[in-house]
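User: I'd like a close look at one part of this model, the annotated site and what sits around it. Take your time and walk me through it.

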Amino acid sequence: MADIIVIGAGVIGLSAALRLQQAGHSVTIIARDFPTPFEAADKRALINYTSQWGGAHNRWVLPTNPAEQREHEFSIATYRHMEATMRDFPEAGIAFMKGIEYFEAPPPVHRDLTVDAALGLGLEEFRILGKQDFPDDRVTWGCEYRTWCVNPMVYCSFLLRRFHILGGKAVSMELRNLNEAFLVKALPGVQILVNCSGAGFNDPAVFPTRGQTCLVSNPCPVTVTRQNADGTWTFCVPRNFHGGTVIGGTKEPDNWDPEPSPETRARLLSAFAATYPPIVADGPLRPLGDIVGRRPTRRGGIRLEREDLAARDIQGLQDDAGRSIVHAYGLGGRGFELSWGVAGEVLELVKQRVSSGRL
């Protein structure tokens with residue numbers, strides 16, 4: 001099996017590294033940022049380490065075209081993997097629970113959804129809600145289903161620990177470009193690189209989507225998502241494992257502002273308390289801190305493909321063997337929910353490269 005370098009230690013990089021390990025490859029992760037306990041993390045220094053701040057839950061995005069169907073299949077694969085991991089490793093930071101969705105102006109794909117169609121898409125314990133279940137008259141459609149969420153740093157630390165126990169190596173390094181990874185003296189001769197850098201390297205199609213959320217100490221037994229008629233969102237994601245609950249949130253394309261807004265925090269907390277009153281049944285929301293993160297979003301969707309390079313394309317190589325880069329980045333806010341489907345596709349792209357006889 002081939003030696004492989006994975007760039008990035010977010011949820012995609014960690015999942016891909018483990019999947020390649022399981023297939024027998026020797027894998028080294030090179031990354032600038034690695035999992036850090038939330039309580040000790042430097043929010044400003046790690047603002048671009050998206051997995052640190054992710055809501056980290058599964059919200060079903062119903063497919064309406066081939067690209068969305070592919071992503072739905074990735075989410076199903078991840079759902080199954082999370083079930084198996086929770087069963088075998090209860091310390092991994094995964095919890096299954098009820099997911100609730102409310103819409104003020106539901107798109108046709110939701111408005112026309114039947115129970116049978118939802119079950120056919122793999123949604124378990126699916127139920128369409130009635131008006132008596134809605135928080136207010138502005139909500140016109142809702143549903144609930146079984147889903148999962150993770151405490152992201154418990155889960156990502158678990159993945160890194162598993163990777164290490166299984167023989168993987170981790171190198172802390174900030175790369176200026178991808179080709180630099182092929183020149184690391186401690187890793188000579190590596191011919192396959194997996195680019196899970198989140199934002200890519202100078203990809204003009206990638207842009208940041210700023211998100212502000214607030215972590216509160218109040219527990220919540222469900223995930224809740226509300227899409228308002230004006231396009232804004234209200235949601236909560238329990239962090240479980242004594243991690244509180246994330247209340248959100250915003251989606252602000254091309255906004256680089258690292259500072260949280262007190263006004264936004266107040267609006268988010270007020271909106272969610274009105275949407276899901278049980279969370280304040282035992283008292284008001286108790287904020288622990290504001291979170292600002294940058295989701296690496298890509299025009300045209302995920303980049304998930306293999307790029308083959310001739311030796312002459314990489315300055316500084318000491319041999320004439322070609323190299324390959326498997327790109328797996330640009331997932332925006334869906335890294336956790338698509339992670340194991342993407343990792344499986346990364347493995348297939350590596351297999352194709354190996355079976356082509358290029359190695």
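Which residues does the UniProt annotation "binding site" cover?

Analyst: Keep in mind that this is a predicted model. According to the UniProt record, an unreviewed entry, the "binding site" annotation covers Arg295 and Gly333. They're spread over 39 residues of sequence, yet they cluster in space, with a largest C-alpha distance of 5.7 Å.

Let's start with Arg295, which is found in strand S13 (residues 287–298). Its relative accessibility is 18%, and buried means under 20%, so Arg295 counts as buried. Setting aside neighbours within four places in sequence, Arg295 touches Thr50, then Phe207, Pro208, Thr209, Arg210 and Gly211, then Thr250 and Lys251, and finally Gly332 and Gly333. A polar atom of the Arg295 side chain lies 3.3 Å from the backbone oxygen of Thr250.

Now for Gly333. This glycine lies in the loop between strand S15 (323–329) and helix H8. With a relative accessible area of 55%, Gly333 is exposed, whereas Arg295 is buried.

By class, the H3–H8 contact has 7 nonpolar, 5 polar and 4 charged residues.

Notes: Residues are numbered from 1 along each chain as its sequence is written. This is a predicted model: local features need pLDDT of at least 70, side-chain atom pairs count only at pLDDT 80 or more; totals for chains, interfaces and linings use all residues. Side-chain values use heavy atoms; hydrogens and water are left out. Ala, Val, Leu, Ile, Met, Phe, Trp, Tyr, Cys and Pro count as nonpolar, Asp, Glu, Lys and Arg as charged, and the others, Gly among them, as polar. UniProt positions are given in the numbering used here, feature names are shortened, and annotations may be inferred rather than shown by experiment. Helices (H or I, at least four residues) and strands (E, at least two) are DSSP runs, numbered from the N terminus. Buried means under 20% relative accessible area, exposed over 50%, partly exposed in between (1.4 Å probe, protein chains only). Contact means heavy atoms within 4.5 Å. A polar contact is a pair of N or O atoms within 3.5 Å; within protein, one must be able to donate a hydrogen and the other to accept it, and residues adjacent in sequence count only if both atoms are side-chain atoms.
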